[in-house]
Amino acid sequence: MLLYLALTALAATSQNVLDVANTPFPQEIPSFYQSEEALPDNVKFPAPSFSIDSDDLADAGAILAVAAAPGSDHATAVGTEQGLYMVTENGQGFAPVYPADDHYSWAPREVGAVVYDSKGRLWFGAQNGVGVLDGTTWSLYTGAEGLPYNTFTCAAAGEDGAVWFGTDHGAIRFDGTTWNYRSGRRWLLDNHVKGITVEADGSAWIATETGFSYIKREMWTLEKKSDFFIDQVETRHNRDGFITNWDLEVQGDISTAVPQITDNDGLYTAMYGAAMAFKYAATGDEQARLLAERSFDACKRLVDVVPESMKGFPARVLIPADWKDPVNEQYDAEYNARKLKGDAFWKQITPRFPLSEDGKYMWKNDTSSDELAGHYFFYAIYYDLVAKTDAEKQAAQDLVRDVTDHLIRNDFALVDHDGKPTRWGYFGPKALYSAHGWPQVGLNSMMMLSFLNVAEHVTGDAKYGEVAAMLREKHNYHINAMVPRPTFPPGNVVPWDNNLALLSFYGLINYEQDPELMILYRQSLEDCWQFCSKQKNSLWNYIYASGAEKFIDLVKADYFDGAFPDAGPYAPNYVKRFSTYDAAGADSLETLQRIPLYLLGWPMENTHRLDVEMDPTPQAGDNHGWSRVDHRALPIDERAHVRQDRDAFKLNGAEGDGWTEHEGTFYLLPYWMARYHGFLK
């Protein structure tokens, strides 16, 4: 039986629904003050030095921290170099304390933080770890339980039993369940914390060596966050319809953002357009429809601007001829020679920004597979969810036809104005079955089949299905696609391949009509997603979940009955296996909630953390690892990157050093995709 489910039918109730769209969650918003005079009058920090006259502490070393129990005017807990001390029962002196629980027994050293929380529990931070005394029961925490770091300088009680710790490398908040590590310029002016004071709502003032940081804690909803990022994109990241990151004229000051161009203007614009298309389909919001149309028009202009001899070639970038920067001078022969020294495959082509035939624009060439993945992902979504009139549908059909025909007539490659394929835009058998192309054979075979599926669906032209059949029958593209990306050795693994693969899987699976191919592609989707399933990437998780749901719908409709009749139990086995799935919905929700509001790529260091397990894979290097607690990537607001097509296991790094603000598309797309597909409500 042949059953075809259109994309518009996929907004059904999911098996993995989280009813959280309107549930408030804490959103942290940092701001910074260079001097104490700039602080509000009510912000007071505890005295930084302590003096207690007691013979009991004579051998304890320097006093590092003191805390008084609620209702007491006398010190009842003292942290010193040599131990943790508490006032004796008769109140006449101090006695050393040796905390122990079911896992640990400590003689604390370097006890730099002690504090009583709002529930009267005593907390301390020492070289050994963190401990809390609730009545007569101790609970102790190390890196294995999620403690990020252990050189403590201070502590402060927060709201509802939460506690903040200061260290010489950042601040830590713990509410008894979740550790939040706040380090780096994203959160603090510098990492050496000297004092913390917490407001009643949980907002924290943090004094450091060079100034003061205020981490405001507000209750938001996911939809409020969406509104924030749409405003951010429209205010600071819309360059004549193209969506991209903007540079800052003053480091860290988003009010000084100025328009910029990137190699991936088409990809980012397509992803924003898809986000708005999903929002329109989920809510009927007219403004979202208009933004999706504007994004489609921008992507179309990237194709329309090239000369007729290159018809269907999508440019990377489109800018006015009087653009503020001398772009071609930046990509001169000297630049090409310099790039070639470090990259033997660098494509030398001049000009890199040809002038349009009408002389009004310049467009950037050497377009990559990244751009194509984004374009085709968006084309189909726009066609299905936004294009309503005959003219709108015809425009989408013409655009998809032009791009796909360009690929077909050029041996499945993007061919530039020099008559040669672009650096990464090759998908044909001759290129893929070569020594140079072989590492990409699985990914690029799958992507080409996806493009052809989208083309046949949007245009209704059977020739694209016939071309796909030729690639399968003569060149085994469907078999290649079962290993959709390199996973080893690490030198062959780049994180944006995850993005290319998952974006392309969306069209491949949604528009495939052959039961046997669907089983193969579902296997491939599983393998691809499992490789990146612990990176807490909301977009990749939701794309995977949408494909898994589509497959389950087909199983329920007996779509696969009779598939692979000569392969024994092969088809029934995989149909049964993929009749359920785990889409890591909690990871996706965590990332949506914890994506920072201000998307500046500051340097971040995490290799020093106690709660990190380093990656032991051969060739992985010394800068990759994951949480010891959940064996997944660190939370997004503690990582070295803000973009979602990066390696979430990279522990140290920088992305612009505060000179670039990235656009909020990578929140908006997964959020509205999840709303449309019913994963969030």
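**Exercise 1.** In the open sheet of 4 strands, what is the order of the strands, and is their pairing parallel or antiparallel?

*Solution.* In this predicted model, the strands follow the order 6-7-8-9, and they pair in the antiparallel sense. Strand 6 (113-116) and strand 9 (137-141) are the edge strands, each having a single partner, so one side of each lacks a neighbour in the sheet. Looking next at one pair, strand 8 (residues 130-134) and strand 9 are joined in antiparallel fashion over 5 bridges, and Val130 has Tyr141 of strand 9 as its bridge partner.

**Exercise 2.** Find which parts of the chain are tied together by the salt bridge between Lys364 and Asp263.

*Solution.* The side chains of Lys364 and Asp263 meet at 2.3 Å, N to O. Lys364 belongs to strand 22 (residues 361-364), whereas Asp263 sits in the loop between strand 20 (257-258) and helix 2 (265-283), so the pair ties together parts that are 101 residues apart in sequence. As buried means under 20% relative accessible area, Lys364 with 5% is buried, while Asp263 with 35% is partly exposed.

**Exercise 3.** Describe where the salt bridge partners Arg289 and Glu286 lie, and how accessible each of them is.

*Solution.* The side chains of these two residues, Arg289 and Glu286, form a salt bridge of 2.2 Å, N to O. Both residues lie in helix 3 (residues 286-304), 3 residues apart, which is about one turn of the helix. Arg289 is buried, with a relative accessible area of 16%, whereas Glu286 is partly exposed at 39%.

Notes: Residues are numbered from 1 along each chain as its sequence is written. This is a predicted model: local features need pLDDT of at least 70, side-chain atom pairs count only at pLDDT 80 or more; totals for chains, interfaces and linings use all residues. Side-chain values use heavy atoms; hydrogens and water are left out. Two strands pair if DSSP finds at least two bridges between them. Helices (H or I, at least four residues) and strands (E, at least two) are DSSP runs, numbered from the N terminus. A salt bridge is a side-chain nitrogen of Lys or Arg within 4 Å of a carboxyl oxygen of Asp or Glu. Buried means under 20% relative accessible area, exposed over 50%, partly exposed in between (1.4 Å probe, protein chains only).
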